[in-house]
Amino acid sequence: MEKEIIELEQKLKDKSYAPKKFSVFVVTEPKIREIFAAGFSDRVVHHFLVDYLLPIFEPKFIFDSFACRAGKGTHFAIERLSHFLRQITVNSNKKAYYLQADVKSFFPSINHDILFTIIKKQINNPYILWLTKIIIYHDCTQQPIKKGQLSLFNKVPAHKSLFYVPKGQGLPIGNLTSQFFANIYLNELDQYVKHQLKCKYYIRYVDDFVILHEDKDKLYQIKNEIEKFLHDKLALDLHPHKWKVQNVNNGIDALGYITKPTYKLVRKRVVKTLKRKLVKFQKVKQEELDLDYVVTCINSYYAHFRHANSYKLRKHLWENHFGSLKKYLQPVNDYRYFKLR
């Protein structure tokens with residue numbers, strides 16, 4: 001390890017550094033996608049680069065983008081959305097509507113030239129620009145080491161796979177730099193929405209965004225303008241089947257919850273996933289059951305549930321779906337979490 005670090009330091013000094021082969025595997029949850037994993041030395045470089053760029057770009061980001069930023073995340077985003085809903089509806093006393101949309105095949109569609117140009121406008125350090133360019137333009141699909149269940153690679157849609165994107169396009173999901181570059185790329189959209197379109201109630205999490213407005217027709221107009229901006233300035237498109245304009249009282253299905261002006265519910269898909277796990281746990285023989293893992297897994301779901309109005313759901317699951325697991329687990333504080341008996 002020490003030898004590898006010394007070699008890396010020398011290569012960075014004399015600018016002979018080049019990324020090594022990536023490992024790549026496919027995950028199926030929450031949806032099927034490729035994950036590219038850089039080697040140790042390349043991850044060191046990624047951290048170095050992000051540590052340099054972060055203080056420059058973080059102050060330029062809007063408050064209401066929430067992905068991969070210190071002190072923020074899905075729960076922060078949901079609380080902010082709830083706050084916006086209460087404000088715009090005056091605690092559910094006024095009508096309001098929402099536009100929800102996401103970018104089609106976002107990471108595979110990021111244009112290298114556009115991304116590098118955006119970064120170059122803010123950085124005048126030639127060395128950092130050299131390193132940034134190497135990371136952005138590196139083709140991680142060149143002879144990668146495929147791991148995991150290899151048959152899954154054939155199930156990844158072509159438009160979501162870096163193996164099929166045009167040259168000069170796409171960033172690998174799994175890199176620290178890719179997550180950070182994604183925020184830099186879509187900060188262009190954030191600035192446009194906030195300062196040109198003057199949208200007061202706007203939040204973004206990676207490539208998903210929600211805008212609230214009192215005027216339903218205005219949201220359709222905003223959607224069209226965003227679509228044009230993305231296409232013309234960032235070479236991106238909205239997903240044609242994943243956008244909607246609806247009354248906020250219908251609930252906004254985002255970030256694992258259904259959020260309404262006065263309360264939040266847990267998304268049905270998350271509940272179904274936990275139910276499947278509970279069934280699976282109960283099929284394991286007692287002597288083979290890893291109880292520490294079981295309680296940790298279940299508590300992670302219940303921690304997610306507690307951010308919603310979910311007391312009845314938590315109680316119902318315990319009473320109707322835990323079955324033989326009740327022998328080993330004990331609910332604590334109104335089903336907030338479980339401990340081993």
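This is a predicted model: local features need pLDDT of at least 70, side-chain atom pairs count only at pLDDT 80 or more; totals for chains, interfaces and linings use all residues.
Visitor: What lies over its face?
Guide: K223 lies over the face of W243. The distance to the ring centre is 4.2 Å.

Visitor: On to ring pairs. How many aromatic pairs does the structure hold?
Guide: The structure holds 21 aromatic pairs. F66 and F76 form one that is tilted, with 5.5 Å centre to centre and 40 degrees between the planes.

Visitor: What does that pair tie together?
Guide: Parts that are 10 residues apart in sequence, because F66 lies in the loop between α2 and α3 while F76 is in helix α3.

Visitor: And what about their accessibility?
Guide: F66 is buried at 0% relative accessible area. F76 is partly exposed, at 32%.

Visitor: Back to W243, then. Which residue does W243 pair with?
Guide: Y220. The pair is edge-to-face, at 6.1 Å centre to centre and 85 degrees between the planes. Y220 lies in helix α8 and W243 in the loop between α8 and β7, so parts 23 residues apart in sequence are tied together. Y220 counts as partly exposed, at 33% relative accessibility.

Visitor: What else is in that loop between α8 and β7?
Guide: A235 has its place there. A235 has a positive phi of about 55 degrees, although it is not a glycine.

Visitor: Why flag that?
Guide: Because most residues other than glycine have a negative phi. A235 is also partly exposed, at 38% relative accessibility.

Visitor: And Y335, what is its phi?
Guide: Y335 has a positive phi of about 65 degrees and is not a glycine. Y335 sits in the loop between β11 and β12.

Visitor: Is Y335 buried or exposed?
Guide: Buried, with a relative accessible area of 14%.

Visitor: What about Y302? Where does Y302 lie?
Guide: In helix α10, which spans residues 291–305. Y302 counts as buried, at 0% relative accessibility.

Visitor: Which residues does Y302 touch?
Guide: Leaving out residues up to four places away in sequence, Y302 touches L274, R314, L317, W318, F322, Y335, R336 and F338. As for R314, its C-alpha atom is separated from that of Y302 by 7.3 Å, and the two residues are 12 apart along the chain.

Visitor: There are several rings in that list. Which residues form an aromatic cluster with Y302?
Guide: F305, W318, F322 and F338 form one aromatic cluster with Y302.

Visitor: Switching to charges. How many salt bridges are there?
Guide: The structure holds 10 salt bridges. In one of them, the side chains of R69 and E58 meet at 2.6 Å, N to O. R69 and E58 both lie in the loop between α2 and α3, so this pair ties together parts that are 11 residues apart in sequence.

Visitor: Which of those two is buried, and which is partly exposed?
Guide: R69 is buried, at 8% relative accessible area. E58 is partly exposed, at 27%.

Visitor: What does R204 bridge to?
Guide: R204 forms a salt bridge with D190, and the closest N and O atoms are 2.9 Å apart. This pair links distant parts of the chain: R204 is in strand β5 and D190 in helix α7, 14 residues apart.

Visitor: Are R204 and D190 buried or exposed?
Guide: R204 is buried, with a relative accessible area of 2%. D190 is buried as well, at 0%.

Visitor: And E319? Which residue does E319 meet?
Guide: K315, in a salt bridge of 2.7 Å, N to O. E319 and K315 are four residues apart in helix α11, so about one helical turn separates them. E319 is partly exposed, with a relative accessible area of 40%. K315 is partly exposed too, at 28%.

Visitor: Last one, the surface. Which residues make a nonpolar patch?
Guide: M1, I5 and V44 make a nonpolar surface patch of about 260 Å². V44 lies in helix α2. At 32% relative accessibility, V44 counts as partly exposed.

How values were computed:
Residues are numbered from 1 along each chain as its sequence is written. Side-chain values use heavy atoms; hydrogens and water are left out. Helices (H or I, at least four residues) and strands (E, at least two) are DSSP runs, numbered from the N terminus. Buried means under 20% relative accessible area, exposed over 50%, partly exposed in between (1.4 Å probe, protein chains only). Contact means heavy atoms within 4.5 Å. Rings of Phe, Tyr and Trp (its six-membered ring) pair if their centres lie within 6.5 Å; planes under 30 degrees apart count as stacked, over 60 as edge-to-face and the rest as tilted. A charge sits over a ring if NZ of Lys or CZ of Arg is within 6 Å of the ring centre and within 35 degrees of the ring normal. Patches are made of residues with over 30% relative accessible area and no salt bridge: like charges are joined within 9 Å, nonpolar side chains (Val, Leu, Ile, Met, Phe, Trp, Tyr) within 5 Å. Accessible areas come from the Shrake-Rupley method with a 1.4 Å probe; for residues, only the protein chains shown count as cover. A salt bridge is a side-chain nitrogen of Lys or Arg within 4 Å of a carboxyl oxygen of Asp or Glu.
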